[in-house]
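Subject: Structure handover

Hello,

The sequence and structure are below for your files.

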Amino acid sequence: MSADHHEHEHDHDHHHGHDHQHDNRYSDMQARVKALESVLTEKGLIDPKAIDVIVETYETKIGPRNGARVVAKAWSDPDFAEWLRTDATAAIASLGYTGRQGEHMRAVFNTPDTHNLVVCTLCSCYPWAVLGLPPVWYKAPAYRSRAVIDPRGVLAEFGLTLPEDKKIRVWDSTAELRYLVIPERPEGTEDLGEEALADLVSRDAMIGTAIAGPRP
Amino acid sequence: MNGPHDLGGQMGFGPVAPEKDEPYFHTEWEKRALGLTLSGGALGGWTIDESRHARENIPPAAYLGASYYEIWIRALEVLLERHGFATRAEIDAGQKQMEPATPKRILKADMVAGVLAKGGPCDRPVETKPSFQPGDRVRTRNFNPETHTRLPRYARAKTGFVEAVQGSFVFPDDNAHGKGENPQWVYTVVFDGPEIWGEGADPTLTVSIDAWESYLERV
């Protein structure tokens, strides 16, 4: 019996537009994932405690604050900014951010002329080492389909309207390079230290769906 | 393959719906799905390219209706079955029925920090010199393989220019199918919006892809 056949049956049970379709689908997945974890644990192929550690790592250690510190340092230290331009992987590693889905980093700098926007149209490639786990919208069809053809429309849905003559560069992450947008430094921040500057850098600003600034 | 995953330029999915203060996980099972996917990969039975191809092979209606963690789990089940770690019947029952294939490693809790910090670099040396240099005009090839490729449909048979030589990397079109890593040079290639989208395209738009050398022809 093929996996497809099985999935087809599953979908049929709960896919007819009932009010609780969403709940049913999620409880289906809960049972499905639980069964998978059970059998793999029984077979000695996984360690459930390793899963706990993975989850804790991405909930508490590897998240967008990492990237915000990279950006704040780039704003504060021209030598570091230059290092980011020439070898982003090494520059970012110097702050302790390395590894999974950050092995081959590239930093792309917004300028007065050009705004950068990052997408993965083919899957969900994302710079985990500096931004952590991607948000749902980044992995969903609406963003993946439209970022490359209608980026201004997408940005408007994030509340960001760029000047009409500003160029937009969209980076489709089709290979193993992972892109971090370095937003422009907001005006009037000359006196701020790196930690205060990092507070101005949201996850979305490092994807390109926002600009840097105080949290609204 | 021209699968449901190749979304660039498709229409009809509605507005992007960013969620304010989105949590890292929306349900408990998403946490387990993340950990299972990483732990499954650590078994060493398949490459990241094969796992991407398994996700692309989810039937379109299911793929487009699934959350990404669900896509991961559906593909993980296929990969576990394909590589002899668990049968469909075992996965459905949630119970062991036979001995699994021997994994290369089992990810234990005390290994997680090291494994995540190390990652899985995909750059590999090649003996050839890059065929293209920054500034070269190139055209992407036009092909429609039923197998894995990382050249999106919207960027096939399009003319652009090489912006950067990014190094040499494992070639996913081969590696996804167990044909070896066969590394090639990878280039960032930039296209003008109108070259890709034609009439009505945003004149301020440029789009880049990262393209393996065999995706490209000199113009």
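Asp21(B) is exposed, with 4 other C-beta atoms within 10 Å. Asp21(B) sits in the segment before H1 of chain B, and its phi is positive, about 50°, although Asp21(B) is not a glycine.

This is a predicted model: local features need pLDDT of at least 70, side-chain atom pairs count only at pLDDT 80 or more, and totals for chains, interfaces and linings use all residues. Residues are numbered from 1 along each chain as its sequence is written, while chains are lettered from A and ligands numbered from 1 in the order in which they are written.

**Chain B overall**

Chain B has eight helices and five strands. These are DSSP runs numbered from the N terminus: helices are H or I with at least four residues, strands are E with at least two. Along the sequence the pattern is α-α-α-α-α-α-β-β-α-β-α-β-β. The C-alpha atoms of chain B fill a box of roughly 55 × 45 × 35 Å along the principal axes. Of the 219 residues in chain B, 43% are buried.

Two residues are taken to be in contact if their C-beta atoms, placed from the backbone, lie within 7 Å. Among contacts in chain B between residues at least 6 apart in sequence, 65% join residues at least 24 apart.

Chain B is divided into domain 1 (28-118) and domain 2 (137-218); the bounds come from an automatic or database domain assignment. The centres of the two domains, taken over C-alpha atoms, are separated by 29 Å. Six residues of domain 1 of chain B are in contact with four residues of domain 2 of chain B. The domain 1 side of that contact has no nonpolar, two polar and four charged residues. For these classes, Ala, Val, Leu, Ile, Met, Phe, Trp, Tyr, Cys and Pro count as nonpolar, Asp, Glu, Lys and Arg as charged, and the others, Gly among them, as polar.

**Helix H1 of chain B**

The 15 residues of H1(B) should span 21 Å at 1.5 Å a residue, and the end C-alpha atoms are 22 Å apart, which agrees. The expected span is 1.5 Å times one less than the number of residues. In H1(B), 13 of the 15 residues are buried, so the helix is largely enclosed by the rest of the structure. Just after H1(B), Gly44(B) takes a positive phi of about 85°.

**Contact between the chains**

The contact takes 78 residues from chain B and 72 residues from chain A. On the chain B side, H1(B) gives the most, with nine residues. That side divides into 41 nonpolar, 16 polar and 21 charged residues.

**A sheet with strands from both chains**

Seven strands form an open sheet in the order E2(A)-E3(A)-E4(B)-E3(B)-E2(B)-E1(B)-E5(B), with mixed pairing. Strand E2 (114-119) of chain A and strand E5 (216-218) of chain B stand at the edges, each with a single partner strand, so one side of each is left without a neighbour in the sheet. Two strands count as paired if DSSP finds at least two bridges between them.

Strand E3 (residues 167-172) of chain A and E4(B) run parallel and are joined by four bridges. In this pair, Trp171(A) stands opposite Ser208(B). Within chain B, seven bridges join E2(B) to strand E3 (residues 184-192), and these two run antiparallel. Here Gly167(B) stands opposite Val186(B).

**Two loop residues**

Ala157(B) lies in the loop between strand E1 (137-140) and E2 of chain B. Ala157(B) is exposed, with 11 other C-beta atoms within 10 Å, and its phi is near 55°, a positive value in a residue other than glycine.

Gly178(B) is in the loop between helix H7 (172-175) and E3 of chain B. Gly178(B) is also exposed, with 10 other C-beta atoms within 10 Å. Gly178(B) and Thr47(B) are 131 residues apart in sequence, but 8.7 Å apart in space, C-alpha to C-alpha.

Regards

Key:
Buried ≥ 20, exposed ≤ 12 C-beta atoms within 10 Å, placed from the backbone.
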